Amino acid sequence: NPARPEAYPYGSANQALLAEIDVASPRLLPFLAVSPRAALDEQTAALALHAENRPIFGLKLHPLGNQRSADALIGSSLALLAEELELAVLVHTGPDRWSGWRGAARLASAHPGLRVCLAHAGMFDAEALRWLAAGAPPNIFADLSPFLVRCAAAQQGWTEQVAACLADLPYADPAACLKILAEQLPEQLLWGTDAPWVQPPAETDPALFSYAADLTTLRGLGPELSRRISRAN
């Protein structure tokens, strides 16, 4: 769209993000937003410039927001530079036509130098979790954000929050559910909360999904597993 407010996708947004980090704390790890839809060469040039001036930890890709699957990046100048820089790529997963986990899986397979993360654990999709446990390449991971919300959504069948074909897990007992996932994916599971942006399923108490509640669930794993998924991986 030639009338778009930025010269290329996320140009000013990423500048604002980096400026906020400069003000807030050098401990924050910047993930620059990217779009697989348009102006990939311009986004690549911007990423190269940012990476010259500061450490860039990774990229964030939201297929639904851009209405393009993650695999649209395969072979692009942006993906090749990100691979050269050994960046992590966090990919939103969801039930819509663009955000299925397979697009991110194809991106990871095509670019083994990237570390690709399925945000929201692929929506607890049964096939995705089986694939992660049994045959996924070593450069693909899954995060848990927002874990308690997803467990509640799975219980209530809230289709906007979980996959149509759910993995068989004890969602009514999030602590037990988390332990199973941590044991099945000991080197691929990443802790995350999505806080403060959480969307509890209908007719549930938003207070149940606080950061404190997330942290309590994590600590229930014990020191070894909790340290692995929240730090080592």
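1. Secondary structure first: the protein has 10 helices and six strands. Helices here are DSSP runs of H or I with at least four residues, strands are runs of E with at least two, and both are numbered from the N terminus. Bear in mind that this is a predicted model, where local features need pLDDT of at least 70, side-chain atom pairs count only at pLDDT 80 or more, and totals for chains, interfaces and linings use all residues. Residues are numbered from 1 along each chain as its sequence is written, and side-chain values use heavy atoms, with hydrogens and water left out.

2. On overall dimensions, the radius of gyration is 18 Å, which agrees with the value near 17 Å that a compact globule of 233 residues would have. That radius is taken over C-alpha atoms, and the globule rule is 2.2 Å times the number of residues to the power 0.38. Along the principal axes, the C-alpha atoms fill a box of roughly 45 × 35 × 35 Å.

3. Now burial and contacts. Of the 233 residues, 46% count as buried, meaning under 20% relative accessible area, with exposed set at over 50% and partly exposed in between (1.4 Å probe, protein chains only). Take the contacts between residues at least 6 apart in sequence: 77% of them join residues at least 24 apart, a contact being heavy atoms within 4.5 Å.

4. For the surface, the accessible area comes to about 11900 Å², and 54% of that belongs to carbon and sulfur atoms. The areas come from the Shrake-Rupley method with a 1.4 Å probe; for residues, only the protein chains shown count as cover.

5. The sheet is open, with six strands in the order β1-β2-β3-β4-β5-β6 and parallel pairing. The edges are β1 (31-34) and β6 (189-190), each with a single partner strand, so one side of each has no neighbour in the sheet. Two strands pair if DSSP finds at least two bridges between them.

6. Have a look at β4 and β5 too. Three bridges join β4 (residues 115-118) to β5 (residues 140-143), and the two run parallel. Leu118 has Ala142 in β5 as its bridge partner. Both faces of β5 are covered: Ile140 and Ala142 are buried on one side, Phe141 and Asp143 on the other.

7. Pro146 sits in the loop between β5 and α7 (147-156).

8. Two positive phi values deserve a look as well. Tyr10, in the segment before α1 (11-24), has a phi of about 65° although it is not a glycine. Met123 also has a positive phi of about 65° without being a glycine, and Met123 is found in the loop between β4 and α6 (126-134). As for accessibility, Tyr10 is partly exposed at a relative accessible area of 25%, whereas Met123 is buried at 3%.

9. Last, Glu52 in helix α2 (residues 40-53). Glu52 is exposed, with a relative accessible area of 65%. Its C-alpha atom is separated by 14 Å from that of Leu32, which is 20 residues away along the chain.
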